[in-house]
Amino acid sequence: MDTRLSAVVWGMATTPTVAPERSTQVTQKPYPNYKVIVLNDDFNTFQHVAECLMKYIPGMTSDRAWDLTNQVHYEGQAIVWVGPQEPAELYHQQLRRAGLTMAPLEAA
């Protein structure tokens, strides 16, 4: 056995290593929420807009749907739901397919 080789290997194994200092602070970045926005148009009726909101937005009450429908009509748009991207995409697509005029999804 070559003693020089074993001395080199042994020497490398016993040399202390200095690890880079690590931060113990963890920064959590939440996923952004997205806004589902209905726009005013000249062809959807109040009834249709309110019914679509109640059908596709979970937990949407009749009173809230009518308030949002009025906001769409009088202010030109209303944010009808805010939350994680995946359900926002689903609700946006469902409302668009039902004929509502939708703004592009927007990070909140």
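Tutor: A nonpolar core is a set of buried Ala, Val, Leu, Ile, Met, Phe, Trp, Tyr and Cys residues joined through side-chain atoms within 4.5 Å. Buried means under 20% relative accessible area, exposed over 50%, and partly exposed in between (1.4 Å probe, protein chains only). The model is predicted, so local features need pLDDT of at least 70 and side-chain atom pairs count only at pLDDT 80 or more, while totals for chains, interfaces and linings use all residues. Residues are numbered from 1 along each chain as its sequence is written, and side-chain values use heavy atoms, leaving out hydrogens and water.

Let's get our bearings first. The protein chain has 108 residues, and 26% of them are buried. It holds four helices and four strands, which are DSSP runs numbered from the N terminus (helices H or I, at least four residues; strands E, at least two). Read from the N terminus on, their order is α-β-α-α-β-α-β-β.

Now for the core itself. The largest nonpolar core has 20 residues, and the members that touch the most others are Val36, Val38, Leu53, Ile57, Val80, Leu95 and Leu100. Two or more residues each come from β1, α2, α3 (62–75), β2 and α4 (85–97). The largest share, four residues, is given by α2.

Pick out Leu95 and look at what surrounds it. Setting aside neighbours within four places in sequence, Leu95 is in contact (heavy atoms within 4.5 Å) with Val36, Val38, Cys52, Leu53, Tyr56, Ile57, Val80, Leu100 and Met102. Among these partners of Leu95, Val36, Val38, Leu53, Ile57, Val80 and Leu100 are also on the list of members that touch the most others. Across the whole chain, 70% of the contacts with a separation of 6 or more join residues 24 or more positions apart.

Next, follow α3 towards the inside. Its 14 residues, at 1.5 Å a residue, should span 20 Å, and this agrees with end C-alpha atoms that are 19 Å apart; the expected span is 1.5 Å times one less than the number of residues. The buried residues of α3 are Ala65, Leu68, Thr69 and Val72. They cover an arc of only 105° around the axis, so they sit on the same side of α3; the arc is that of the directions from the helix axis to the C-beta atoms. What they pack against is β1, α2 and β2. Turn to the other side of α3 and you find Asp63, Tyr74 and Glu75 exposed.

Ile79 belongs to strand β2 (residues 77–83), and its contacts beyond four places in sequence are Lys35, Val36, Ile37 and Leu68. The C-alpha atoms of Ile79 and Ile37 are 4.4 Å apart, although 42 residues separate the two along the chain. Ile79 counts as partly exposed because its relative accessibility is 38%.

Finally, visit a loop residue. Asn44 lies between β1 (34–39) and α2 (46–56), and with a relative accessibility of 18% it counts as buried. Beyond its neighbours within four places in sequence, Asn44 is in contact with Val49, Gly99, Leu100 and Thr101. One of these partners, Leu100, brings us back to the core members that touch the most others.
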